[in-house]
Amino acid sequence: MIVFFHLLNDNSGSPRVLQSAIEALRGEDDPGLLYVGSMGRGLLEGTAVKKQRYWYRRSRFRLGTLFALIASQIHLYIKLSRQRAIPHDAVIYVNTLLPFGAALWAKRNGRNVVCHVHEVSISPAPLRWFLTKVAARTADILIYVSHDHLKRLPIDRKRSIVLANPVSPSLQRQGMTQPYRPRRSGSFEVLMLASPRDFKGVPEFLKVARALYDQTNIVFTLVLNAEAEEIGLYLERYRRPGNVRVYAQTDDPSRFYASADLVVNLSRVDQWIETFGLTLVEAMSFGIPVIAPPIGGPSELVSDGVDGLLIDSREEAAVAAAIRRLADSPELCSSMSLAARSKANTFSQDAFANALRNHVRQLKERGAAA
C-alpha cells in the first residue's frame, strides 16, 4: 500500500507532479490512499484514490500561514496516530517537505518514507532548518527534480535520486498533435502561468508588457494560480497595461498553450530559484519556444538559443528585446519550436513511472529483507 500526503491542493506544479506519481504507483488491487489538507480543491480532486482531509488554512499573512502549517501537522500526526488502517509495510509518500507530521509519524511507527522534494527557497531560515532536519531523519528516499535542485538543498546525498518531472500524458498528447504556427491567433501571444507572487516575476511581466505597449501585434496573457478574488486583491497594487489579459487558475492549461507563441518564466533569481519549471516543459511539448531564468532547474531544461532563451528577468530590457526579436522572426520561432518539441519527448509519464516504480520496489525489497 502507498499512502500519499500533500498540504495545499491547488493547480500548481507540486500537486500536478503528485498526480503523476499516484498514477505511476497505484495498483489495480491497491488504489492507495491520499491525505490532503482541507484548503483547496485543485488537481488532486480528480485522482483515483481514496481521500482523507486534515485541517489546513493558509493566511494572507506569512506569520499566520506559518502557525497554520504547524497546527495542521499536529492535527495530521494525531489523526494518523488514531487510525489502524495503514499496514506496517505501507510506503509513506510525502509530497514536498511541508507535511512533516506524516514523516514523523511514519518514522516513529516503522514505515518506509519517500520524500518528494520540490522546494529550495524556504523561509524563514528556522523553518528551512527544521524541515530539512525532519527529512534527513525520516526519509529513506529523497527525490529531487533536477541536479541543480540537489546541489542547492542537499539533505543526504546517499539517499537522494534525481527524477525529472513528467508532462501529463493527456497534455503531452494534445501538445504533440497541435501544430505550431507563429501568430496563429492573429497576434504574437506571450504567455506566463504563475502564482500571484512578486517573486514569481508578475511585476516584471507587467513591466515588459508596458515597455512593448506600442507593439500592437504583441499581446500578453497572464494566468494566475488563484481564485479571481485573490487575484484582484494582488493586482490592486499594479497598473495593468491594456495589452495584458489576466485569467484565474485553470486545470486545463492546454487552451492557453494552443494559441501561445512564446511562454515565459520570469521568476526573480535573487528571491526564488525554480527547481524545475514544469510550465516550460509543458509549453515545449506544444512546440512553443520559451524564455526562462538562467539558473536552477530551467537551465537544465532549456538549451539557450536552440529551444528557448535563458535571460535574467531583472534585465527587463533584454527580455523585451528578445520578445520583439522572436515576434519579428517566424523562422527563428519555427526552428526553436522543432527543437522544443523534440526535447519535450524525454519528459514522458512512462519514463517517470518506470523509474519511480523501480525505486519504490527496491525500497520495499530492502524493507522486507531487514
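A: Threonine 96 sits in the loop between β4 and α3. Keep in mind that this is a predicted model. The backbone is what marks this residue: threonine 96 has a positive phi, near 75 degrees, and it is not a glycine. Most residues other than glycine have a negative phi. Is threonine 96 buried or exposed? Its relative accessible area is 6%. Buried means under 20%, so threonine 96 counts as buried.

Start with β5 and α4. The loop between β5 and α4 holds proline 124. The peptide bond that runs from serine 123 to proline 124 is cis, with omega near 0 degrees. Most peptide bonds are trans. Cysteine 115 has a relative accessibility of 5%, so it counts as buried. Cysteine 333 is buried as well, at 1%. How many disulfides does the structure hold? The count is 0.

Next, α2. This helix spans residues 62-82, and phenylalanine 67 is part of it. Phenylalanine 67 has a relative accessibility of 54%. The cut-off for exposed is over 50%, so phenylalanine 67 counts as exposed.

For contrast, turn to isoleucine 22 in helix α1, residues 13-25. Its relative accessibility is 2%, so it counts as buried. Which residues does isoleucine 22 contact, leaving aside neighbours within four places in sequence? They are Phe4, Leu34, Thr47 and Val49. Methionine 176 is another matter: its C-alpha atom is 24 Å from that of isoleucine 22, and the two residues are 154 apart along the chain.

Back to backbone angles. Arginine 183 has a positive phi of about 60 degrees, although it is not a glycine. Where does it lie? It is in the loop between α6 (169-176) and β8. Arginine 183 has a relative accessibility of 28%, so it counts as partly exposed.

Side chains of opposite charge can pair when their charged atoms come close. The count comes to 16 salt bridges. One of them joins lysine 200 and glutamate 274, with N and O 2.9 Å apart. Lysine 200 is in the loop between β8 (188-194) and α7 (202-211), and glutamate 274 is in the loop between β11 and α10. This pair links distant parts of the chain, 74 residues apart. Both residues are buried.

Another bridge joins glutamate 204 and arginine 268, with the closest N and O atoms 2.8 Å apart. Glutamate 204 lies in α7 and arginine 268 in the loop between β11 and α10, so the pair ties together parts that are 64 residues apart in sequence. Glutamate 204 and arginine 268 are buried too.

Stay with the loop between β11 (262-264) and α10 (278-285), where serine 267 also lies. Serine 267 has a relative accessible area of 2%, so it is buried. Its side chain makes a polar contact with the side chain of asparagine 265, at 3.0 Å. Leaving aside neighbours within four places in sequence, its contacts include Lys200 and Glu274. Phe199, Gly201, Trp272, Pro293 and Ser313 are also among its contacts.

Aspartate 312 and arginine 314 meet in a salt bridge, 2.7 Å from N to O. Aspartate 312 is buried, with a relative accessible area of 12%. Arginine 314 is partly exposed, at 46%. Elsewhere, salt bridges that share partners join Arg58, Arg197 and Glu230 into one network.

Definitions and conventions. Residues are numbered from 1 along each chain as its sequence is written. This is a predicted model: local features need pLDDT of at least 70, side-chain atom pairs count only at pLDDT 80 or more; totals for chains, interfaces and linings use all residues. Side-chain values use heavy atoms; hydrogens and water are left out. Helices (H or I, at least four residues) and strands (E, at least two) are DSSP runs, numbered from the N terminus. Buried means under 20% relative accessible area, exposed over 50%, partly exposed in between (1.4 Å probe, protein chains only). A polar contact is a pair of N or O atoms within 3.5 Å; within protein, one must be able to donate a hydrogen and the other to accept it, and residues adjacent in sequence count only if both atoms are side-chain atoms. Contact means heavy atoms within 4.5 Å. A salt bridge is a side-chain nitrogen of Lys or Arg within 4 Å of a carboxyl oxygen of Asp or Glu. A disulfide is a pair of cysteine sulfur atoms within 2.5 Å.
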